[in-house]
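Here is a friendly walk through a few local features of a protein model. Have the sequence at hand as you read.

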Amino acid sequence: MQIELNENLVHIHAHVCGDGNMYMKKEKRSPSAIKNSRMTEPFYRHVIEYTNYCPELLDKMTLAIKSLFPKTYVYRDNKKRRIQARNKPLYCMLKMLKYIDGSNWDIPQEIVENERFRKIWLRAIFDDEGSVYKSCIVCYNTNKKAVLTIQKMLALEGIRTTLYNRLPTKLKYKICYTIRIPSESFLEFKKIGFDHSIKKKKYEDYCKEKMHRPGCVQEGVVPFTFESPRQNP
């Protein structure tokens, strides 16, 4: 399978790496399917899930999936704040983009080196794994290799960071690696920004405080919008 990266696929990849998950689910064939196809053996569903308490992020993830595969049904569970799509081609694409499981994934160089893709990917991962404080912005993850790549991506955007780890209190837990962006780099982070409504509001409020300092110049951000789904003829 040949993959042509686009904004929607990059967005989906980042969210699956953040608050997402993928797995194959073994299912029995329905009586009608057995009757029509004469196939009786079980088969596997290829499932992509994404969980987040921010409804806007669930909407954007749904739109990204539908933009790539307009006929895919995206199930939404508002109680669990989760969406689920069953799509084998998308599953295979994400596997080829170095996603193995929730704790083992990487970021392709095609994303790291492309300025537009890099910003989309970073925004999505900070929407999932980031937190905004008055003194800093942080991003947490247990995947050290990926965290180092994220730090490199931020450096390519001119954003200063520090990295430290937090040892687990119990042996069964993994080390949590934290990327910290100091308050001095708040305005530089505006080129990445947030879609998460609460984090976006906190970030904008803190930026307003920073803008009162002499010599600060605010830079604009090009908003990210998804491509509209292709209409069937």
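Axes here are lines fitted to C-alpha atoms over the stretch in contact, with angles from 0 to 180 degrees between N-to-C directions.

This is a predicted model, in which local features need pLDDT of at least 70, side-chain atom pairs count only at pLDDT 80 or more, and totals for chains, interfaces and linings use all residues. Residues are numbered from 1 along each chain as its sequence is written, and side-chain values use heavy atoms, leaving out hydrogens and water.

**A helix pair**

The axes of α1 (residues 7-19) and α6 (residues 115-129) come within 8 Å and cross at roughly 30 degrees. α1 and α6 are therefore roughly parallel to each other. Residues in their contact (heavy atoms within 4.5 Å) include Val 10, Ala 14 and Cys 17 of α1 and Phe 117, Ile 120 and Trp 121 of α6.

**Buried residues**

Buried means under 20% relative accessible area, exposed over 50%, and partly exposed in between (1.4 Å probe, protein chains only).

| Residue | Relative accessibility | Class |
|---|---|---|
| Cys 17 | 2% | buried |
| Cys 207 | 3% | buried |
| Thr 72 | 8% | buried |

The structure holds zero disulfides (cysteine sulfur pairs within 2.5 Å).

Where does Thr 72 lie? Thr 72 is in the loop between α3 (55-68) and β3 (74-77). Beyond its neighbours within four places in sequence, Thr 72 contacts Ile 65, Lys 66, Ala 85, Arg 86 and Asn 87.

Key: Helices (H or I, at least four residues) and strands (E, at least two) are DSSP runs, numbered from the N terminus. Angles under 35 degrees count as roughly parallel, over 145 as roughly antiparallel, 65 to 115 as roughly perpendicular and the rest as oblique.
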